[in-house]
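Okay, thanks for coming, everyone. I'd like to walk you through one model today, a piece at a time. Let me put it up on the screen.

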Amino acid sequence: MTTITLALDFGASSLRAIFTGEVFKAHLYIMQPEVCPVTPASIEYYTKSKIGTSDPTRSGWIESNGTCWAIGNLAQERFKASLQLEKRKFELALPKALALIGAISQLHQLPNGTHINLGAVLPYGEYHDRELFEQILREALTDFTFCGVEKSFTLETFLCLPEGGGVLTQGRQPGTSFQDLDLVVAMLGYRDVSLLFVSRGELSKGETQSLGFASLVKSVAQKTSLHNYQKLTLAICKAGSNVNPRSLTPLLNNVGEAYKDYELAKIQKAILDARAEYWLMLSEWLKGQIKSDVDEVIIAGGTAQYFKAELNALLKFTKVIWCDQLEKRIRATFPDQIKPNSLEYRLADVYGLFFYLYARARNGVKSND
């Protein structure tokens, strides 16, 4: 019997998975986050007309319980799927999980009947759905199709943590304890901002707000004629806090030479204005949530790095932990994959979850209990 360990993060900027087989070696897989239902006829036409074979994490489709889904680049490029940020992550988690598992099983030639120790993170507001998610995932794994190949796996272990849970388990200095502390874990992602409140070693409550980086990107899109969120997000991040105009030139590919300077100035102003608006909303919400008597705030996520200076100033009343050691470990584990895009800032949660899950599975713990 083959057993694997797999941690999943259904991030709105990308799907992230860390996997190991029975011989420990951590592998990182990234898939575009778009997903959409498609007709069997559309999939049949696609499979007959395509030329060549692509990476299964790029052009995946699954069929489960009578419904076909396109995932990742296939959904984005061929079926024009959107990010569907208004939907709960839980609603689209099943086809995304099946697609990643199908892709990994193909890449590693996992036989049907493989047992899976699986972990996932969900926003705190959706964390109460974890038992339902486990139930439908357990059933779906026994009978689904990935890119036309029948798959059947057994869910051996299931662990679900609220977003920030992986950072909590691995983000502090190794060997230190938080049993005598009141602390907050702040996950600033693309769709959501999630806070976990831990009192003397126990999770006491959580909060999730739709105040992720997508809010800033949407504001810029509304102020300009730019609506490719992926391309716009990358340009905004590369431009930095001062919004360096040279980093915005990839957004001007379809603009005539006579208008480029005008459009560049317009985009730069839109980003500066949207940045100020967004930070005001985010900082006001954080000030209302994080009290001055907290002992520590652990911060992670790509949005947090973009506003690192502002967050340090906002939280100067307490100790702020930026997970530097955790991110150093991530860079050392996956150097070739994360270096070009600073992915370590977006992998902290799933990386922490992966090692927490792996240790629990080895000790025979099979659920959140």
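Predicted model: local features only at pLDDT ≥ 70, side-chain atom pairs only at ≥ 80, totals over all residues.

β5, β6, α3, α4 (130-141) and β8 (144-146) each put at least two residues into the lining of the second largest pocket. Residues are numbered from 1 along each chain as its sequence is written, and side-chain values use heavy atoms, with hydrogens and water left out.

Back to that pocket. Its volume is about 370 Å³. There are 18 lining residues, and the closest to the centre are S64, N65, L94, I136 and A140. Which element gives the most to this lining? That's α3, with five residues. By class, the lining has nine nonpolar, five polar and four charged residues. For the classes, Ala, Val, Leu, Ile, Met, Phe, Trp, Tyr, Cys and Pro count as nonpolar, Asp, Glu, Lys and Arg as charged, and the others, Gly among them, as polar.

A word on what a pocket is. We use a 1 Å grid over the protein atoms alone: a cavity is a set of points where a 1.4 Å probe fits but cannot get out, and a pocket is an open set with protein on both sides within 12 Å along at least five of seven lines. Lining residues have an atom within 4 Å of a point. Grid points are joined across faces, edges and corners, and the volume is the space filled by probe spheres set on the points.

Now the two strands behind S64 and N65. Strand β5 (residues 59-64) runs antiparallel to β6, with six bridges joining them; we call two strands paired if DSSP finds at least two bridges between them. They make a hairpin with two residues between the strands. S64 sits in β5, and its bridge partner in β6 is T67. Is S64 buried or exposed? It counts as buried, at 10% relative accessibility, where buried means under 20% relative accessible area, exposed over 50%, and partly exposed in between, with a 1.4 Å probe and protein chains only. Setting aside residues up to four places away in sequence, S64 touches L98, A140 and F144, contact being heavy atoms within 4.5 Å. Also, the C-alpha atoms of S64 and T145 are 6.6 Å apart, though 81 residues separate the two along the chain.

N65 is in the loop between β5 and β6, and it's exposed, with a relative accessible area of 77%. Its phi is near 55°, a positive value in a residue other than glycine. Most residues other than glycine have a negative phi. V243 does it too, with a positive phi of about 55° and no glycine there. V243 is in the loop between α7 (229-239) and α8 (260-289), and at 0% relative accessibility V243 counts as buried.

On to β6 itself. Five of the six residues of strand β6 (residues 67-72) are buried, so the strand is largely enclosed by the rest of the structure. β6 also pairs with strand β4 (residues 35-38), antiparallel, over four bridges; V35 has I71 as its bridge partner in β6.

Strand β10 (residues 154-162) is mostly covered as well, with seven of its nine residues buried. Eight bridges join it to strand β7 (residues 115-122), and these two run parallel. L122 has P162 as its bridge partner in β10.

S14 lies in the loop between β1 (3-10) and β2 (15-20), and is buried at 3% relative accessibility.
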